[in-house]
Amino acid sequence: MSTTPLNDLEQFLILAVVRMGGEAYGVPIRREIEERGGRAISMAAVYAALERLEARRLLCHRLSPPTPERGGRRRKLYSVTEAGAVAVREARESLDRMWEGVDIDARQSA
């Protein structure tokens with residue numbers, strides 16, 4: 001592995017950013033994770049993880065133009081770096097290897 005392994009939230013965030021094609025910022029990222037991933041997440045957790053991923057150079061951002069309303073704010077629009085794409089692919093491949101040959105049945109788990 002080329003980087004520290006991604007936890008599941010980090011994988012969800014990177015995949016949400018990829019799905020949104022460079023127009024990804026906090027609120028829609030959260031919505032994508034909740035709707036598609038079926039996982040409730042706080043905005044604080046989203047922003048903390050985005051900062052972590054950016055510090056690890058797995059994501060980067062650019063600032064949007066200000067929103068149209070008076071005093072409109074600029075948003076951080078995230079995109080995935082090449083290292084982020086590699087990391088999320090490696091995470092998937094690792095999980096796929098763990099699932100290989102596994103046929104779990106609810107009756108088997110205790």
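## Ser-64 and its surroundings

User: What does Ser-64 touch, not counting residues up to four places away in sequence?

Analyst: Leaving those neighbours out, Ser-64 touches Arg-74, Arg-75 and Leu-77, where contact means heavy atoms within 4.5 Å. This is a predicted model, in which local features need pLDDT of at least 70, side-chain atom pairs count only at pLDDT 80 or more, and totals for chains, interfaces and linings use all residues. Residues are numbered from 1 along each chain as its sequence is written, and side-chain values use heavy atoms, with hydrogens and water left out.

User: Why is Ser-64 called buried?

Analyst: Ser-64 has a relative accessible area of 9%, and buried means under 20%, whereas exposed means over 50% and partly exposed lies in between (1.4 Å probe, protein chains only); Ser-64 is therefore called buried.

User: How far apart are Ser-64 and Lys-76 in sequence and in space?

Analyst: They are twelve residues apart in sequence, and 6.4 Å apart in space from C-alpha to C-alpha.

User: What makes the position of Arg-39 count as a charge over the ring of Phe-12?

Analyst: The rule asks that NZ of Lys or CZ of Arg be within 6 Å of the ring centre and within 35 degrees of the ring normal. The charged end of Arg-39 is 5.8 Å from the centre of the Phe-12 ring and sits over that ring.

User: How many aromatic pairs does the structure hold?

Analyst: The structure holds zero aromatic pairs, a pair being rings of Phe, Tyr and Trp (its six-membered ring) whose centres lie within 6.5 Å, with planes under 30 degrees apart counted as stacked, over 60 as edge-to-face and the rest as tilted.
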